[in-house]
Amino acid sequence: MEALVAIAIGVLTAVGLYLMLRLRTFPVILGLTFLSYAVNLFIFVSGRLAENAAPIIGSSETYADPLPQALALTAIVISFGMTAVIMIMAIGGHLSSGHDRIDLGDDA
Amino acid sequence: MSLALIVALPFLGAAIPGVAIHAGRNAAAILTGAITALALLLLLSHAPAVLRGELVQTRIDWLPALGLNATFFLDGLGLLFAGMILGIGLLIILYARFYLAKSDPMGQFYSYLLLFQGAMVGIVLSDNILLLLIFWELTSLSSFLLIGYWKHLPEGRQGARMALAVTGGGGLAMIAGMLILGNITGSYDLTVILQNKDLIQASPWYLPALILILLGAFTKSAQFPFHFWLPHAMAAPTPVSAYLHSATMVKAGLFLMARMWPVLAGTPEWFWIVATTGLVTMVMAAKIAFFKDDLKALLAFSTVSHLGLITMLLGFGTKAAATVAVFHIINHATFKAALFMSAGIVDHEAHTRDLSRLGGLRTLMPITFGIVTLASLSMAGIPPLNGFLSKELMLEEAAHTTWLTPWAMGLLATIGAAFSVAYSFRFLAHGFLGPVRDDYPHKPHDPGFGLWAAPAFLALLVVLIGLFPMLTAEWLVDVAAGAVTGEPVAVKIKHWHGLDTPALWMSLAAIGGGLLLLGSYPRLRAIWDAAPRPEAKRIFDGLIEPLATLARSVTEGLHNGNFGRALTLAVLTIAGVALWAFLGGAHAAGTRALLPIDPVVTGIWAVMLVAAAATPFLHRNRVTALLLTGIVGLLIAPLFVLFSAPDLALTQISVEVVTVLLMLLALHFLPKETPAESPVPRRVRDAAVAGIAGLGIGGLAYAIMTRQPAFDPISAFHLAQSKPGAGGTNAVNTIIVDFRGYDTYGEIIVLGIAALVIFALSETLLRNPEVTRLLATRPRDRESGDRHPMMLVVATRLLLPMAMLVGVYIYLRGHNMPGGGFVAGLVFAIAYLMQYMASGYEWSHARQRYDHHALIGWGVLVASLAGVGAWFFGLPFLTSGYEYVSLWPLEKFELATAAIFDLGVFLCVLGAVLLTLASLSRLALRTGERANTHAYDTEGGR
């Protein structure tokens, strides 16, 4: 199971970075979203995988590590805030300059 | 506590003048003065204890294990300096009120002044050397603001930058030196360090520490060869010059040398470095000052010269010389501040400070003339004024000091004194004596009382200390010199030492020589003008320019505005370093027991991976790309469920829904297609970079998951304490709202700020006529004939109360079961978003009773109140408490203050999401989007 999750994290990272290397704002933002997925998953699995062990006291024998979960939870919400801010910046850039390229100058 | 308060007062008060300026310039000046006066009163309340020889201390422990504590102490030296800083500060505040022009932003000036004053007081009262270093650099920063106050003057900006580079750079060297001292003695407290003279001087690190600390002191006190910044800092307004260069900034270096004197002085190294630097600076600067035409430049070089004199005295390393140094610090502050202010008055009234255009001011400005006469005669060392007393004591010390030969020190000191006499008299003679001219840029006359009151007061001190030194200054010199030398001092200050003292004859020679120099000024000036001189500014620029070029080329090389290039460089660097670290270590296979492959998970995993892998190929169609992203995001949620993270699953689902909705809305303003721009090789390159990163991260994740943690995680504590400590069974939620509540508190504030940023950016766009024109004329997308489908409208209406009920339920159960404020806020937000989608922004917004900004504000406020509430029980901020309550007919249930905090989280999240939506919608209305007035507004229906 661990291998599958690791592959998922790797693929999400690669897709995210590839999209972030594009030249227009929208794919870059999507890439950032993919990268957020990967990072949040990564933080989460740093607590190791466990099945049927939700960290609700009294619900099972063993508990998954709650700390990375709490960290990932806040990270998810902050990623949302960040994506929204970049999105409005992209809209502003597009409306002000008439194009949505991310690079300065022409040497892209 | 009150020592810390003295330091804190100017910082706390720094915001006040900026606000008070709206009530007028007098209000700003009076309030600034009141803050300074209050700090001075607090200081004076400790004076009796200090004069009795006691040490006043304040200790606030912060991180004792690292030696990071806010510790302050007040001894005689601190009292002298803090008194000067605050006392002369008061006079400067008064003077500046009448000096600055109407067009100058006075509120800013007073704010900067208070910041600087606080930093200075911090230096002289700090016990912890790390704290002292922070204040030290703060003076460099705040003096930068003051020197560059006239931002429109290029000289002001350049002078400020030069001062910052030199004094800030010296400060960095000093940090290293101080840390060495801290290492030698094992303590960062000055009071401890100062007790360890033998330990420090025996250490092999003594010389490096000494040189580094002296670099800091010499740059700050403008000692040769770092003296050049001070004259350039004269581009500052005169009140700033008078404050920085008489009593504060440049005296900080002297203070430090005096402060460290007990442990650093007394060695041959100290003597040779400090005394020689002081001597060279004194003579050289006095000579330059003599040839300066600009009143402030003359005073600037004279300041450098006097700082050299004091440095030299400290360098002698004897108790008597250190005592004279302390006495001269007082005297120099009085006459130099008076002279700077007078130069400012001349500039203010005659509109020039050029000696070659002045002269004859004696009859035109009698009051100023009187002040200048007293102060400059004191600077020249003419009896019975205070400058004479300390200068004669200095000459006496110099005469008895052997430097190279027994007489060289005495001779050079006398030459320096002669130049000092010469430039002081030149200031007076060429500025005020001689015939009245008729070509002043502006007809000068004495200014109002407000402007001359401060220098007149200082001139009075010059006379009083000069006439009655034993009454006015002796006690202060005694305690301060006692603190410097570490031994009781009882100095005898006299005007007449008898005919057999060398100082008398050296004084006479200096006065005679000075008059001779002034008499032959025209001839000397011709020689001076003909001789080549190094131009300090050009040398400095020459040194700085290559550095700036280097910095620029590094920055350009790393980030030239091409985002992909910077990202590629960063990814490859990280991957390279990681590979290097990986190859350098030994690796054993992971031993952790793995989970068996689960068919359900594998299915979800496969769909998710296909969607993710398809995105790079299909991303040109942006709607498709967004949908694929949404699929991946939603499928992560069941993974969270299966791996025992129900809270994460709830959050992931709700955030994903909101994100996709907002992105769809945003896509309205952006092109729907991404053009195929990058050539194939570039795509291959990008894919390779992304692949390397993916491989690395995936491998790292696998390595982590297959191994046990190297250290036991702290989670056991959270699991064990969740119920007894925080009163909740959901360990994730108790971490968020209780154990790590402070982090969450910061997080909701960040989220609120992000929403406000979005609002502000969209407002800016709406205010830009270019943008609104573009919005109104952009080609319209084909509209749906059924913009607000009746089915959807009816369904969302029905769903709204149900969704809210679910939200409330999720909020309430959060402490014990999966849920909580974050998720509840998002569920509420989604319910509202659906109303907006179904019925349009205008229609829904008209029915929205709560302001989004207010929601965010209330959220932060409620969370803060939950935190502050703990104070009333004597507990630290955000300590939570809980109680079980029985309320018939309900079962026994639990009330926790963490729930109040969670309510704040809920409100903040809800407000942030809705504000973001509203901002985007307001933009959409400008595209000519027709606002619907009726709920079921359909295009084709009517």
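At 1.5 Å a residue, the 12 residues of H23(B) should span 16 Å, and the end C-alpha atoms are 16 Å apart, so the two agree. The expected span here is 1.5 Å times one less than the number of residues in the helix.

Before you go on, note that this is a predicted model, in which local features need pLDDT of at least 70 and side-chain atom pairs count only at pLDDT 80 or more, while totals for chains, interfaces and linings use all residues. For your selections, residues are numbered from 1 along each chain as its sequence is written, with chains lettered from A and ligands numbered from 1 in the order in which they are written.

Stay on H23(B) and color by burial. A residue is buried if 20 or more other C-beta atoms lie within 10 Å of its own, exposed if 12 or fewer, and partly exposed in between, with C-beta atoms placed from the backbone. The buried residues in H23(B) include B:Val477, B:Gly482 and B:Thr485. What covers them? Show helix H3 (25–51), helix H4 (76–99), helix H13 (249–264) and helix H16 (319–350) of chain B, which are among the covering elements.

Now zoom out to all of chain B. You'll find 40 helices and 4 strands, and a C-alpha trace that spans about 110 × 70 × 65 Å along its principal axes. Of the 942 residues in chain B, 48% are buried.

Next, pick strand S1 (residues 56–63) of chain B. Of its 8 residues, the number buried is 0, so S1(B) lies largely in the open. B:Val56 stands opposite B:Leu74. The two strands form a hairpin with 4 residues between them, and in the turn B:Gly67 has a positive phi of about 75 degrees.

Two cis peptide bonds are worth a stop:

- B:Phe224 to B:Pro225, with omega about 0 degrees; B:Pro225 is in the loop between helix H10 (206–220) and helix H11 (229–232) of chain B.
- B:Pro383 to B:Pro384, with omega near 0 degrees; look for B:Pro384 in the loop between helix H18 (366–380) and helix H19 (386–399) of chain B.

Then try B:His351, in the loop between H16 and helix H17 (361–364) of chain B. B:His351 is not a glycine, yet has a positive phi of about 65 degrees. Buried or exposed? B:His351 is partly exposed, with 13 other C-beta atoms within 10 Å.

Hop over to chain A and select A:Arg48, in the loop between H2 and H3. A:Arg48 also has a positive phi without being a glycine, near 70 degrees. A:Arg48 is buried, with 20 other C-beta atoms within 10 Å.

Finish where the chains meet. Residues are in contact if their C-beta atoms, placed from the backbone, lie within 7 Å. The contact takes 80 residues from chain A and 97 residues from chain B. On the chain A side, helix H1 (2–20), helix H2 (25–45) and helix H3 (66–97) each supply at least two residues, and H3(A) gives the most, with 24 residues.

Conventions: Two residues are in contact if their C-beta atoms, placed from the backbone, lie within 7 Å. Two strands pair if DSSP finds at least two bridges between them.
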